[in-house]
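Welcome! Please take a moment with the sequence and the model shown here before reading on.

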Amino acid sequence: MSFKELFPAKHLTGFISSLLLTVVALSVLFFDVSMKTGVVILLITAFMQAGIQLVMFMHAGESEDRASIYTHTYYALFIALVTVLGTLLTMIWGYK
Amino acid sequence: MKIDHSVPKEYATEENRLKIFGFWIFIGAEVALFGTLFATFFTLVDHTATGPTGKEIFELPPVLIETFVLLTSSFTIGLTVHAMRMGYKKAMLTFFAITAVLGAVFLSVEIYEFTTYVHEGAGLQTSAFTSSLLTLLGTHGAHVTLGLFWGIFIMIQVAKRGINPETANKTFIFSLYWHFLDVIWIFIFSFVYLKGMM
C-alpha cells in the first residue's frame, strides 16, 4: 500500500482544483469588481466545482445506469434553475 | 443472489446497482428542495425589516473554515471509497473517520455561527431575510448532522463485518450523499456569503 495507491492523481487533481476555484471565488471580495461581474465569476466557479464533485468524486458515469443518472441529474438541475429563475422573475425582476 | 466479481463490490448485485441508481433519484429530489430554499432566500434577501443585513452579520473566518473543512471531507470520503475498492479496510476506516471528524468540526463552527447570529439579534423570526437564511443554512446543517450519524453507523458495520457487497454499497451511497452536501455548500458559500459580503 503506497501513497500513490491511497491518493490517486484523479482525486488529488479534483481536490486541488476545488481549492483553487474556492480561492478564485473568494477574490470577488478583495478586488474591486462590480456586483454583476462578481456574480458571473461566482456562477462559473460554483458550477465548475459542482461538476468536479459529480464527475470525479461521485463517479456519475461509471455504471450501466450512466445515461439514466445523467438524464435525471440534468432534469433535477433544470427544475432547480426554473424554480430559482422563475421565482426571481415573478417576485423581483418583473417589477423593476 | 448473483454476485458479479467483474465490477466493484458496491455494484456486485442487481439490488446494489439499483440502490445506487435510486439514491441518484433521491439526490435529484434534494436538488429541487434546495432549489426552492435558494429561490426563497434570493427573493427575501433584501427584506431585512428592522434586523441586520447580511453584510452586518456575516464573518469571513468561520465561513472559510466551514468551506475548507467540508471540501476536505468531500476529498477524504472519495479516498474512503477508493481504499474500499482496493480492499484496504484499515485505510478505508481511517479516511472514513477523518471525514466524520471534519463533519463534526463543520457542525461545531456552524453552531457557533448560529449562536453568534442570535446574539447579534438575527434570529429565525427577526426578518424575512434571517428566516430564509437560517432555513436554508439549517436545512443543510440538518443534512450534515444526519449524515454524521449515518456515517458513524456505517463505519461500525464495516469495522464489524468487513468490506462486503452490502457494506460497500452503503459506504458508496453515503459518499454520494456527502459529496452532494458539499455541492450545496459551495452554492451557499458563493451566493449567500460571498455575494452577501460583496
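Residues are numbered from 1 along each chain as its sequence is written, and chains are lettered from A and ligands numbered from 1 in the order in which they are written. This is a predicted model, in which local features need pLDDT of at least 70, side-chain atom pairs count only at pLDDT 80 or more, and totals for chains, interfaces and linings use all residues.

**Chain A**

The pLDDT is the predictor's confidence in each residue, from 0 to 100. Chain A averages 92, with 100% of its residues scoring at least 70. Helices are DSSP runs of H or I with at least four residues, strands are runs of E with at least two, and both are numbered from the N terminus. Confidence in chain A is highest in H4(A), at a mean of 95, and lowest in H1(A), at 86.

Chain A has two domains, with bounds from an automatic or database domain assignment. The centres of these domains, taken over C-alpha atoms, are 22 Å apart.

| Domain of chain A | Residues |
|---|---|
| Domain 1 | 1-58 |
| Domain 2 | 63-96 |

**Where the chains meet**

Two residues are in contact if their C-beta atoms, placed from the backbone, lie within 7 Å. By that rule, 42 residues of chain A touch 38 residues of chain B. On the chain A side, H1 (3-6), H2 (9-30), H3 (35-57) and H4 (66-91) each supply at least two residues. H4(A) gives the largest share, 14 residues. This side of chain A divides into 27 nonpolar residues (Ala, Val, Leu, Ile, Met, Phe, Trp, Tyr, Cys and Pro), two charged (Asp, Glu, Lys and Arg) and 13 polar (the others, Gly among them).

**Chain B**

Chain B holds six helices and zero strands. Its C-alpha trace spans about 65 × 30 × 25 Å along its principal axes. Of its 198 residues, 46% are buried, having 20 or more other C-beta atoms (placed from the backbone) within 10 Å of their own. Among contacts in chain B with a separation of 6 or more, 79% join residues 24 or more positions apart.

How far apart are the end C-alpha atoms of helix H4 (residues 89-119) of chain B? They are 45 Å apart, which agrees with the 45 Å that its 31 residues should span at 1.5 Å a residue, the expected span being 1.5 Å times one less than the number of residues. Buried residues of H4(B) include Met92(B), Phe95(B), Glu110(B) and Tyr117(B). The buried residues of this helix pack against H2 (54-57), H3 (60-85), H5 (128-161) and H6 (165-197) of chain B. Just after H4(B), Gly121(B) adopts a positive phi of about 85°.

Notes: A residue is buried if 20 or more other C-beta atoms lie within 10 Å of its own, exposed if 12 or fewer, and partly exposed in between; C-beta atoms are placed from the backbone.
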